[in-house]
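Please look over the structure shown here.

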Amino acid sequence: MIEIQNYIDGELAAPVSGNYLENIEPAKGEVYSKIPDSDKRDIENATAAALRAFPVWSKTPAKERSNILMRIAELIDQNSEMLAAAESRDNGKPIKLARSVDIPRARDNFHFFATGILHFASEAHEMEGVAINYTRRQPIGVAGCISPWNLPLYLFTWKIAPALAAGNCVVAKPSEVTPMTAYLLSKICIEAGLPAGVLNIVHGLGPKVGQAISEHPHIKAISFTGGTATGKRIAQTAAPMFKKLSLELGGKNPNIIFADCDFEEALKTTVRSSFANQGQICLCGSRIFIERAIYEKFRDAFVDRVSRLKVSYPEDPDAKLGAVVSKSHFEKILSYIDLAREEGGHVLTGGEPVQLGGDYEHGYYLRPTVIEGLAHSCRTNQEEIFGPVVTLTPFDSEEEVLAMANSVEYGLSATIWTENLRKAHRVAHKVEAGIVWVNCWLVRDLRTPFGGMKNSGVGREGGFEALRFFTEPKNVCIKL
Ligand code: NAD
């Protein structure tokens, strides 16, 4: 059985406690590896190593830092098949998805920020005849990066790459639910020649390892992606120490479909935006609002397509959905389907587990589920489920759909379907979301600001926003 190790001060190491947790393969419901059960002491060692590495790394020319990060990107590429298999096994997602989305994007994250840092410039402000100001952007020191299980290596590298490119050292914690590819990344970093202590990866439970990162006085910035309740806890701990915080949290995203949309395109993309990665993408649209004139036509066509999606084991090349990530998550999703029924919802398709045979008998498979007949204000329509469950709601006017779309505590993303340009702009400007897609979904330009409003987060990542987050601006004013 594989025993995952921490990566501290350039070396793979056992946790100080000597204890390990079980890592379960969701497709089979079986333990298949061990994860370090690290604690405060491992974070102490990792932070000490990062502090020792910082003076040299922060002064290493950007071009040299860039070369090392490019080397990591190349090694991810060379090992992409092995990484995709590991990601799919650890998370339960179809291997096809890990191959086409997760691993290429992890490579792109390193590639993007390795080149981005070479173009990162700061401002100068001239006061005519008086003085000139220039803003220096210096690395912060040690940054903490904490990531979730849904897009494991994709989101882990989305934080680490800009932090390192900007000259920081990093103490990082992947989700204990999906630790494998972060472990494989530590081996890649050693092979790429990343100097010791520049990146440290500590595995273990959130309340122990994540909490120790939030509490550590020498970790000056935290980039976190995960649930809103966890983000709140991190903010409560870190804010009194005036740490810089970037929080990418939960969502309950509206998908607004007007009668004048390109019907076929809206239908096809909505199937994907509802159920890609088993609905476990923070950007999935879980509340589908359909203009009344096409409500029945859209509903019937959508339910027909969804009921034909194949739920299967991750290696099946025809699998459209794999297993959800864990037993507790599987049970949580089922409890929300029960709640929807109690709240008066009518399950049009799905609503139950899928029983695969043989090796996969104990895996966590769910049928993609579509529910109608619920009030927009009920719990099913207000709380994040984060699984293959969507609701359908008809609407009669722009005002009505905006009121329903904006009625939740979240504000991460929204999708709008219409061929009317003016309407698209109007609704995009009024919908409360940090990211809006019109007539598409999950089209990502890594230069754009990424993040949510309301309880979906604080701050933006992506492009130069990330490099700004991971640097401290200092104004220097010189008299002319
Ligand atoms: P989670 O909040 O349970 O865990 C995220 C990470 O935080 C894990 O590494 C976990 O170990 C750690 N953690 C847990 N308790 C902690 C604590 N007290 N202090 C510090 N760290 C702690 O989230 P999850 O279940 O892994 O992921 C699902 C959530 O992530 C969903 O809410 C989803 O919407 C959100 N998400 C958001 C985005 C985004 O970009 N906004 C992207 C992906 C996922």
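## Basis

The model is predicted.

## Strand β19 and its cover

Strand β19 spans residues 413–417. Five of its five residues are buried. That cover reaches both faces of the strand. On one side stand S413, T415 and W417.

## Neighbours of β19

β19 pairs with strand β13, residues 253–257, in the parallel sense. Three bridges join β13 and β19. Within this pairing, I256 stands opposite I416 of β19.

Strand β20, residues 435–438, is another partner of β19. The pairing of β19 and β20 is again parallel, over four bridges. Here A414 stands opposite V436 in β20. Between β19 and β20 the chain passes through helix α14, residues 421–430. This β-α-β crossover is right-handed.

## An open antiparallel sheet

Three strands form an open sheet in the order β6-β7-β23. Their pairing is antiparallel. Which strands stand at the edges? They are β6 (124–127) and β23 (471–479). Each has a single partner strand, so one side of each is left without a neighbour in the sheet. From one strand to the next, the twist averages 20 degrees.

β6 pairs with strand β7, which covers residues 131–139. Four bridges link β6 and β7 in the antiparallel sense. H125 stands opposite N133 in β7. Strands of a sheet pair through backbone hydrogen bonds, either parallel or antiparallel.

M1, I24 and V31 make a nonpolar surface patch. Its area is about 270 Å². M1 lies in the segment before β1 (2–3). Is M1 buried or exposed? M1 counts as exposed because its relative accessibility is 66%, and the cut-off for exposed is over 50%.

V458 belongs to strand β22, residues 457–458. At 47% relative accessibility, V458 counts as partly exposed.

V458 and S246 are 212 residues apart in sequence. In space, C-alpha to C-alpha, V458 and S246 are 5.7 Å apart.

Technical notes: Residues numbered from 1 in each chain as written. Predicted model: local features only at pLDDT ≥ 70, side-chain atom pairs only at ≥ 80, totals over all residues. Heavy atoms only, no water. Buried < 20%, exposed > 50% of the residue type's maximum accessible area, 1.4 Å probe, protein only. Helix = DSSP H or I, 4+ residues; strand = E, 2+ residues; numbered from the N terminus. Pairing = 2+ DSSP bridges. Right-handed = clockwise from strand over helix to strand, strands pointing away. Patch = residues over 30% accessible without salt bridge, like charges linked within 9 Å, V, L, I, M, F, W, Y side chains within 5 Å. Areas by Shrake-Rupley, 256 points an atom, 1.4 Å probe, with all protein chains shown as cover. Salt bridge = Lys/Arg side-chain N within 4 Å of Asp/Glu carboxyl O. Axes fitted to C-alpha atoms, helices over the stretch in contact; angles between N-to-C directions.
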